[in-house]
2 protein chains.
Amino acid sequence: MSNCIIAQSGGPTAVINSSVVGLLHANKESKAFEKVYGGLNGIEGILNRNIIDLSAVSDEEINHFRFTPSSGLGSCRYKLKDLENSSEEYERLIEILKEYNITSFFYVGGNDSMDTIAKLSKYAKKNNVGITFMGIPKTIDNDLMFTDHTPGFGSAAKFIGTTAIETYLDASVYINNGIFILETMGRDTGWLAASTCIARLHDKPVADFIYLPEASFDRYKFLKDVRKKFEEQNKVYIVVSEGIKDKDGKFISELNCSAQDNFGHAQLGGVSDYLKRLILEAGITKRVKSLELSVLQRCAMHCASDTDITEAFNAGKIALKFAVQGETGKMVSINREDNELYNAYYSLVEAEKVANNVRYFPTEWINKEGNFINEEACAYFEPLINKSPKLTFEGNLPKYKVFNQ
Amino acid sequence: MSNCIIAQSGGPTAVINSSVVGLLHANKESKAFEKVYGGLNGIEGILNRNIIDLSAVSDEEINHFRFTPSSGLGSCRYKLKDLENSSEEYERLIEILKEYNITSFFYVGGNDSMDTIAKLSKYAKKNNVGITFMGIPKTIDNDLMFTDHTPGFGSAAKFIGTTAIETYLDASVYINNGIFILETMGRDTGWLAASTCIARLHDKPVADFIYLPEASFDRYKFLKDVRKKFEEQNKVYIVVSEGIKDKDGKFISELNCSAQDNFGHAQLGGVSDYLKRLILEAGITKRVKSLELSVLQRCAMHCASDTDITEAFNAGKIALKFAVQGETGKMVSINREDNELYNAYYSLVEAEKVANNVRYFPTEWINKEGNFINEEACAYFEPLINKSPKLTFEGNLPKYKVFNQ
């Protein structure tokens, strides 16, 4: 009987560990593999034989792990060289997997990870190594193609939406209020910022304006809108995606850009500070606060969506089932039947199609002014942020369990 | 039968509305006053007759209000002139209160609000106006004298502690990790930053260093400590209070200071960015992230402490009871019997003693190095952040109710 291995890659989410636990449960039921190994720090760690036996971990610890945010097996941002340039890493990896008698490899990640899955499965097929490679989707950005949404997104959206209502309340207590700017993640796409359209107080959205990378940003129009709204209601609440761009496709935050990650993506941030400066310089008001949610939005298990946790779990479970059927080079995708009687079902998509591809927020869900989101989008978001998880506490704070430290 | 009025002042907290609801409940039971009025936007609003009848609000709405963060009656930062200089505002206020047949005035606030209570009760006694003035404590900073702790603090500490564990996990996923800096509020005192000593993963505190205003900050010692720790464990987690000072008592963030509030307090912020720059310039690592929790820590009802909500409620309840007994110029204070069998009881203290006074974090609870907190402090913090509130949801996000909009 052979073994399998699961590892995590890319930026963490609140629910990425649930997928690992889903796969463990599926193997417990089906006994398809003798052991489920965990690769620590993704491919980078596996290449260094940082491998643990997850099947040997107690049920209690696995249950804490299920409700632990962030990549509890550790992560990496390791990009395999193109096969045409060098096959050395591929050979080393396969050698290590064979050493552990591993016949299925699972990778929980985003589009860069699906690139890895596509490359490895291509290599494996070509060289007849007898190992299958399967991707399990994960990203708070919700920007993977060929899936209705991605595990991790619903929880991030729930935290951001909750935070939007709460900071709106905080920003509205005085007679003379100011302007509040909430900055969300979203380098290329506006899904996270857009999801705040469902954040309401007394049945009215708390956000006055929502700015996404999918609608080009015009600073003159922005200042005109904000000034008008501020004169009307003596306060303005703005949500902005870190990746907003001008009409030429240039990042508004580009001047604040200080570094690049290993994949050559610009590390963004600081758009809200830029907008704050614009407002101050235009003299609309001196009371401007900006808040960058930063990593909070991708690790806030304490405010996660239970639907999201469950779907992440199911995606892991189903990945194993498909692998047993001999599938390889695929990613599990989530489909929805309809919004009202929300019901998710799972299928497969070629990992190569997902890799290095981006699913943008539909422009037909953005208003004509380019500064708000329509009702259809709200109906899309609502079912994804459902219910709260039942966390375990140690003393009075959540009890979490990880394996990478 | 006469009426009473309650209003809120100063910076919001997650539980400030619970005190209003506690007072409403006490009046429902005792029927001491015919009506409980709510003054919108504190004294500033009352002077403009922005007054509503809270007794006429439905039980359902009051229950939503009880679990709504931030000042739902609106707030102000209005400082009464000293009586020696002008009594005009005092006369106007008393006139309005008499117009509404109000014989008791309740103010939920921090030390500036207690200054208001002390002044008004002094004026009322001197001029025999027959109105009592009572303070109900509120501040996330926990810096009021003559009370074991303040309503609002436990919830802020719970959110900060939870966030510390979750961002620590986020900051530890790679083989090569960096340095993470979490900045909490706390202009004069380090209670909030110190409370992160109870944030643990696998029974070990997540914070490596905690810096408070009560221990003078030395940048050379800081860089030495951080460098050593980074070399040891390839990651460092730092918690810092916005108000840390150097040995001469100068705010470290002073250079980032951009404004002052109405009480002449410097508006701080940006210490974490300053520390980040120090680390980068010292060349310890290029991977440094800083996170300013900003207003999130004072409005996160979704992660509030139920003990805190209950105590805020009880403080409001008891304020009414004492007012009926004819007490005036006092603030409700919370006392603890002991840590293990934690039990809070309530008494009164002269508002004047609390006003314009600050309760510092005990230096005997800080380690010799001035960069961490000892066990005794953990025992103090633990009971204050107990349990989670049962929130009402609308759709999938919390349903909140306020009266100032």
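I start with B:F146, which sits in the loop between strand 5 and helix 6 of chain B. Helices here are DSSP runs of H or I with at least four residues, strands are runs of E with at least two, and both are numbered from the N terminus. This is a predicted model, in which local features need pLDDT of at least 70 and side-chain atom pairs count only at pLDDT 80 or more, while totals for chains, interfaces and linings use all residues. Residues are numbered from 1 along each chain as its sequence is written, chains are lettered from A and ligands numbered from 1 in the order in which they are written, and side-chain values use heavy atoms, with hydrogens and water left out.

Back to B:F146. Its phi is positive, near 60 degrees, and the residue is not a glycine. Most residues other than glycine have a negative phi. B:F146 is partly exposed, at 41% relative accessibility. Buried means under 20% relative accessible area, exposed over 50%, and partly exposed in between, with a 1.4 Å probe and protein chains only.

In chain A, A:S70 also has a positive phi, about 70 degrees, without being a glycine. A:S70 belongs to the loop between helix 3 (59–66) and helix 4 (88–99) of chain A. Is A:S70 buried or exposed? It is buried, at a relative accessible area of 2%.

A:R66 lies in helix 3 of chain A. Beyond its neighbours within four places in sequence, A:R66 contacts A:S18, A:V21, A:H25, A:M301 and A:F313, where contact means heavy atoms within 4.5 Å.

Now helix 4 of chain B, residues 88–99. Its twelve residues reach 17 Å from first C-alpha to last, close to the 16 Å expected at 1.5 Å a residue; the expected span is 1.5 Å times one less than the number of residues. Which residues of this helix are buried? They are B:E89, B:Y90, B:L93, B:I94, B:I96 and B:L97. These residues cover an arc of only 160 degrees around the axis, which puts them on the same side of helix 4 of chain B. The arc is taken from the directions from the helix axis to the C-beta atoms. Among the elements of chain B that cover them are strand 1 (3–8), strand 4 (102–109) and helix 5 (111–126). Just after helix 4 of chain B, B:N101 has a positive phi of about 55 degrees.

Helix 5 of chain B has 13 of its 16 residues buried, so it is largely enclosed by the rest of the structure. Its end C-alpha atoms are 23 Å apart, in agreement with the 22 Å it should span. Just after helix 5 of chain B comes B:N128, with a positive phi of about 55 degrees.

Last, the second largest pocket. A pocket is an open set of points on a 1 Å grid over the protein atoms alone, where a 1.4 Å probe fits, with protein on both sides within 12 Å along at least five of seven lines; lining residues have an atom within 4 Å of a point. The lining has 30 residues, and A:H302, A:S388, A:P389, B:H302 and B:S388 lie nearest the centre of the pocket. Helix 6 (153–170) of chain A and helix 6 (153–170) of chain B each supply at least two lining residues.
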